[in-house]
Amino acid sequence: MRESRVIGVIILILQIGSFTAFMLSGYTIYQVLSSSMPQTGAGEPLKIERRGDIAEMVLTISPINRGYLPVNLSLSLDAKILGVLIASDDAKLTLTPGSREDIVLTLVVGAEQVKEIFNKEGSIELNLSARTLGNLVAFSLDAHVEGGAAQ
Amino acid sequence: MRRQIAAVVSGITVFTTFVLLPVLVLRYLPPDILQTIRSSGIQVQSNINHLVVIGVFLTLVTILKGFVEIGSLAYLVSGVISSGMTLLVTIIFLGWGKIHSLGMPSFTTRVEGATINVSMDMRVFIYVAFIVTILRVVKTILEWNEARRVVNASPT
């Protein structure tokens, strides 16, 4: 019966370990992602600054890691007109537990293109990916916002 | 006697986790959250029903395992079945109801002109669940084999 007892102990360790890892990684990813979502309360999530013939569309995200594991976060923001990529920006960073970072994604487009992006022919795409537990657990979100709803 | 008590306690734990808890969660989940989950294509009621059916069956098998002789075929079969069903429940849970996703569930939802696709990668927990299942089956076989050896070696 000794072998079965040893196996029983191994099973218990694996179950407790995987349950703990699942809770820690789930909680960490939830904490980071909930603070990463663009705020839609006060003001627009996507700010547009026009400078002559050029317009900058700026998205600011301030993720906070209130979890217990480091998180590798990557974000990308694309602007498209009729499915063609007009502008793109991306950022990658590692958030250690307790840390906070400000991420600014900027799309530089022609001033006349802004109107096309925000009508039915255009779209904004945001890709957000969070990896933790040594990149073994991942969560990704792809948001495709059609022109009329993007503003 | 200790085996029987442990089996009943295990059965109650399994019943609470896989039958009672899902039913209560479904009953007391705020309607707007339930609607959001449903709009993403996740069949909440259907998944809960599957979980409850498997949970009831798993409870019975868990309790049965504690009341049969370790050297009996019933012990071996119930041990293997309970290990397999626990693995199945884990795969269903980590796949958000989709067994074929094998730890990589995804869903798509539309909100006010935006299409949002969400996906997760939790394959590591599926791999661990497979290893645990194999170890549990091996443990059951070892216990069954050892008990049969003791029975066969004892004088008639």
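Ala79(A) stands opposite Ala87(A) in strand E4 of chain A. Residues are numbered from 1 along each chain as its sequence is written, chains are lettered from A and ligands numbered from 1 in the order in which they are written, and side-chain values use heavy atoms, with hydrogens and water left out. Because the model is predicted, local features need pLDDT of at least 70 and side-chain atom pairs count only at pLDDT 80 or more, while totals for chains, interfaces and linings use all residues.

Strand E3 (residues 71-81) of chain A and E4(A) are joined by 11 bridges and run antiparallel. Two strands pair if DSSP finds at least two bridges between them. Strands (E, at least two residues) and helices (H or I, at least four residues) are DSSP runs, numbered from the N terminus. E3(A) and E4(A) form a hairpin. Two residues lie between the strands. In the turn, Leu82(A) has a positive phi of about 55°.

Now widen the view. E3(A) and E4(A) belong to an open sheet of six strands. The order is E4(A)-E3(A)-E6(A)-E7(A)-E2(B)-E1(B), and the pairing is antiparallel. What stands at the edges of this sheet? Strand E4 (84-95) of chain A and strand E1 (106-111) of chain B do. Each has a single partner strand, so one side of each is left without a neighbour in the sheet. From one strand to the next, the twist averages 10°. Such angles run from 0 to 180 degrees between N-to-C directions, with axes taken as lines fitted to C-alpha atoms, for helices over the stretch in contact. In a regular strand the side chains alternate between the two faces of the sheet.

H1(A) lies across E3, E4, strand E6 (122-132) and E7 of chain A. H1(A) runs at about 150° to E6(A).

Next, follow the sheet from chain A into chain B. Eight bridges join E7(A) to strand E2 (residues 114-121) of chain B. These two strands run antiparallel. Within E2(B), Ile116(B) is the bridge partner of Ala143(A).

How many residues does each chain bring to the contact? Chain A gives 26 residues and chain B gives 26 residues. Contact means heavy atoms within 4.5 Å. The area buried between the chains is about 2200 Å². Carbon and sulfur atoms give 70% of that area. Buried area is the accessible area (1.4 Å probe) that two parts lose on being put together, summed over both.

The rule finds one salt bridge across this interface. A salt bridge is a side-chain nitrogen of Lys or Arg within 4 Å of a carboxyl oxygen of Asp or Glu. Here Arg110(B) pairs with Glu146(A), and the closest N and O atoms are 3.3 Å apart. On the side of chain A that touches chain B, helix H1 (2-36) and strand E7 (137-146) of chain A each give two or more residues. The largest share, 12 residues, comes from H1(A).

Chain A holds a second sheet to look at. Three of its strands form an open sheet in the order E1-E2-E5, with antiparallel pairing. Strand E1 (46-51) and strand E5 (103-110) of chain A stand at the edges, each with a single partner strand, so one side of each has no neighbour in the sheet. Neighbouring strands here are turned by 25° against each other on average, direction ignored.

Six bridges join E1(A) to strand E2 (residues 54-61) of chain A, and the two run antiparallel. Lys47(A) stands opposite Val58(A) in E2(A). Glu49(A) stands opposite Glu56(A) in E2(A). In the hairpin of E1(A) and E2(A), Gly52(A) takes a positive phi near 70°.
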